[in-house]
Amino acid sequence: MASSGMIKFTVVLTCLAVIASHAEAAVSCAGVLNSVAPCIVYLNGGGIGPIPPTCCAGARSVELQTRTTPNRQAACRCLKPILNSLPNPSAVSTIAPKCGVNLSFKITPSMDCAAIH
C-alpha cells in the first residue's frame with residue numbers, strides 16, 4: 001500500500017499539472033512535472049539511495065526545457081509548490097549534481113522564482 005506522503009505528493013503533482021495546463025507559460029508546467037515524476041520514489045525516500053536512471057533522464061529534460069530565463073522562472077513556479085509536500089524538500093537539490101546535470105538554477109523550497117535569470 002502506498003504511503004500517505006506518496007499519495008499526497010501524487011495528488012499535488014496531478015493537480016498542479018492540470019492547473020498548469022490551463023496557464024500560459026514559456027515552458028509547459030505539465031512537461032516539467034512529467035519530467036520529474038520518475039523522481040518521486042527517490043524523493044519520498046528522503047533522497048537516500050540510488051537515483052533511478054529515469055529520474056536522471058527527467059532532470060536532463062528539465063535542463064533542456066530551461067535554457068531561457070522565462071523558462072527557468074516558469075519551471076520554478078511549477079516545482080516550488082510541490083517541494084513542501086516532500087519528506088525532505090532539500091533532497092530535490094541533490095538530483096541534478098548526482099545525475100551530472102547542470103541546471104542553471106537551484107531548486108529549493110525558499111527559491112525566489114522572479115529572481116532567477
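In what order do the elements of the chain run from the N terminus on? They run α-α-α-α-α-α. In this predicted model, the chain holds 6 helices and 0 strands.

## The chain as a whole

The chain has 117 residues, and buried residues make up 43% of them. Take the contacts in the chain with a separation of 6 or more: 77% of these are between residues 24 or more positions apart.

## Two partners of helix α2

Two packed helices are described by the angle between their axes and the distance between the axes.

| Helix pair | Axes come within | Crossing angle | Handedness |
|---|---|---|---|
| α2 and α5 | 9 Å | roughly 55° | right-handed |
| α2 and α4 | 7 Å | roughly 155° | left-handed |

Start with α2 (residues 29–36) and α5 (residues 69–83), whose axes cross at roughly 55°. That angle makes α2 oblique to α5. Which residues of α2 and α5 meet? On the α2 side they are C29, V32, L33 and V36, and on the α5 side they are A75, C78, L79 and I82. By class, this contact of α2 with α5 has 8 nonpolar residues, no polar ones and no charged ones.

Now turn to α2 and α4, whose axes cross at roughly 155°. Is α2 roughly parallel or roughly antiparallel to α4? It is roughly antiparallel, because angles over 145 degrees count that way. In this pair, G31, V32, S35 and V36 of α2 meet G58, S61, V62 and Q65 of α4. The residues of the contact of α2 with α4 divide into 3 nonpolar, 5 polar and no charged.

## The nonpolar core

In soluble globular proteins, nonpolar side chains tend to be buried together. In this chain, the largest nonpolar core has 33 residues. Which residues have the most contacts inside it? They are L43, I51, L79, I95 and I107. Helices α2, α3, α4, α5 and α6 (92–99) each supply at least two residues of this core, and the largest share, 7 residues, comes from α5.

Leaving aside its neighbours within four places in sequence, L43 is in contact with L86, P87, A91, V92 and I95.

## Two partly exposed residues

G49 lies in the loop between α3 (40–44) and α4 (53–65). Is G49 buried or partly exposed? Its relative accessible area is 36%, so G49 counts as partly exposed. Apart from neighbours within four places in sequence, G49 is in contact with Y42 and K98.

S93 is found in helix α6. Leaving aside neighbours within four places in sequence, S93 is in contact with K106 and I107. I107 is also one of the residues with the most contacts inside the largest nonpolar core. How many Å separate the C-alpha atoms of S93 and T108? The separation is 6.5 Å, and the two residues are 15 residues apart along the chain.

Definitions and conventions:
Residues numbered from 1 in each chain as written. Predicted model: local features only at pLDDT ≥ 70, side-chain atom pairs only at ≥ 80, totals over all residues. Heavy atoms only, no water. Helix = DSSP H or I, 4+ residues; strand = E, 2+ residues; numbered from the N terminus. Buried < 20%, exposed > 50% of the residue type's maximum accessible area, 1.4 Å probe, protein only. Contact = heavy atoms within 4.5 Å. Axes fitted to C-alpha atoms, helices over the stretch in contact; angles between N-to-C directions. Parallel < 35°, antiparallel > 145°, perpendicular 65-115°, else oblique. Left-handed = near helix turned anticlockwise from the far one by under 90°. Nonpolar A, V, L, I, M, F, W, Y, C, P; charged D, E, K, R; others polar. Core = buried A, V, L, I, M, F, W, Y, C linked by side-chain atoms within 4.5 Å.
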